[in-house]
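Let's walk through a protein model together, one step at a time.

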Amino acid sequence: MITTMHYLVLSLVLFALGVTGMVVRRNFITVLMSLELILNAANINFIAFSRQLGDLTGQVFAVFVITIAAAEAAIGLGIIVALVRLKQTVNLDQVSVMEG
Amino acid sequence: MDFLLVHFAELVFYCLAAIAVAGAVGVIAFRSPVHAALSLLGTFLAVAGLFVLQHAEFLAAVQILVYAGGIMVLFLFVIMLVNVRTIPQEPQYLARLAPIAAGVAIVLAALVGVGLWAAVRGGPVSPAALTAVQGQAAGNTEAVGWSLYRDYLLPFEVVSVVLLVAMIGAIVMGRKEPGREGA
């Protein structure tokens, strides 16, 4: 029997891996992918509780989360393109000043 | 064979969960961004399968269309555009923080465990509400649509404005600035 707890633990694992990726990796593209992992973990939670409580609100909010994830990916990748054009690097350690 | 039939949902869940976690590990373990992106794609597809198991069929379709079809292609395009063939070795400066990290992880896991246990003590209710429109049985897509356009119309419109702003922002940032040429 698969319970809501199973989904929450899976979501916790994905979230932890996402945070680990954001902290440990210095490649901007990988950091953005880790961010997507975190948003996916949030979505699993929304869906699990939507099922648990029999309430559609969780699914509606998951739609919003996916929208925000798409917007965030577009902006983040735009930043990467601008960054590479400016500094020829995607290493976050080499991007520590605000002004170009 | 009986075992397979009785425990089919469990088997599917564990397979998909294993794929999702393996993909997530791949994202942070692979050195090449292309490998990480493809590994992330596996996670997205597995999560879509999990959505189906949880009676969220519409979201599973959206997950595949938006994540696998849109965001992933965007990532791969940018990786190709940027073409970072030589990524310098990342410094290992986090290794000496390992004991502190282990302590924090244990405390966090305990806190989350207690919270999870408290949150899901009762079993799930019937999934009928996830496919019902005003009490009538319908499809999941129809039900989400009703909820989205009746109860959450204003947030929906706000989110569309967010998307528009993000689109304009991405175009502005990706544009070549004429004054910067050769600078």
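Chain B has 7 helices and 2 strands, where helices (H or I, at least four residues) and strands (E, at least two) are DSSP runs numbered from the N terminus. Along the sequence, the pattern of chain B reads α-α-α-α-α-β-β-α-α.

A word on what you are looking at: this is a predicted model, in which local features need pLDDT of at least 70 and side-chain atom pairs count only at pLDDT 80 or more, while totals for chains, interfaces and linings use all residues. Residues are numbered from 1 along each chain as its sequence is written, and chains are lettered from A and ligands numbered from 1 in the order in which they are written.

Of the 183 residues in chain B, 21% are buried; a residue is buried if 20 or more other C-beta atoms, placed from the backbone, lie within 10 Å of its own.

Now look at where the chains meet. Here 62 residues of chain B are in contact with 58 residues of chain A, contact meaning that the C-beta atoms of two residues, placed from the backbone, lie within 7 Å. Helix 4 of chain B gives the most to the side of chain B that touches chain A, namely 12 residues. That side has 51 nonpolar, 9 polar and 2 charged residues. In this count, Ala, Val, Leu, Ile, Met, Phe, Trp, Tyr, Cys and Pro are nonpolar, Asp, Glu, Lys and Arg are charged, and the others, Gly among them, are polar.

How do helix 2 of chain A and helix 3 of chain B lie relative to each other? Their axes, lines fitted to C-alpha atoms over the stretch in contact, come within 11 Å and cross at roughly 5 degrees. Helix 2 of chain A and helix 3 of chain B are therefore roughly parallel, a label for angles under 35 degrees between N-to-C directions. Among the residues making this contact are M33(A) and I44(A) from helix 2 of chain A, and L40(B) and F51(B) from helix 3 of chain B. The contact residues divide into 12 nonpolar, 3 polar and 1 charged.

Finally, find the largest nonpolar core, which has 64 residues. Such a core is a set of buried Ala, Val, Leu, Ile, Met, Phe, Trp, Tyr and Cys residues joined through C-beta atoms within 7 Å. L14(A), M33(A), I44(A) and L59(B) have the most contacts inside this core. Its largest share, 13 residues, comes from helix 2 of chain A. Leaving out residues up to four places away in sequence, L59(B) touches I47(A), Q59(A), A62(A), V63(A) and F51(B).

Methods. A residue is buried if 20 or more other C-beta atoms lie within 10 Å of its own, exposed if 12 or fewer, and partly exposed in between; C-beta atoms are placed from the backbone. Axes are lines fitted to C-alpha atoms, for helices over the stretch in contact, and angles run from 0 to 180 degrees between N-to-C directions. Angles under 35 degrees count as roughly parallel, over 145 as roughly antiparallel, 65 to 115 as roughly perpendicular and the rest as oblique.
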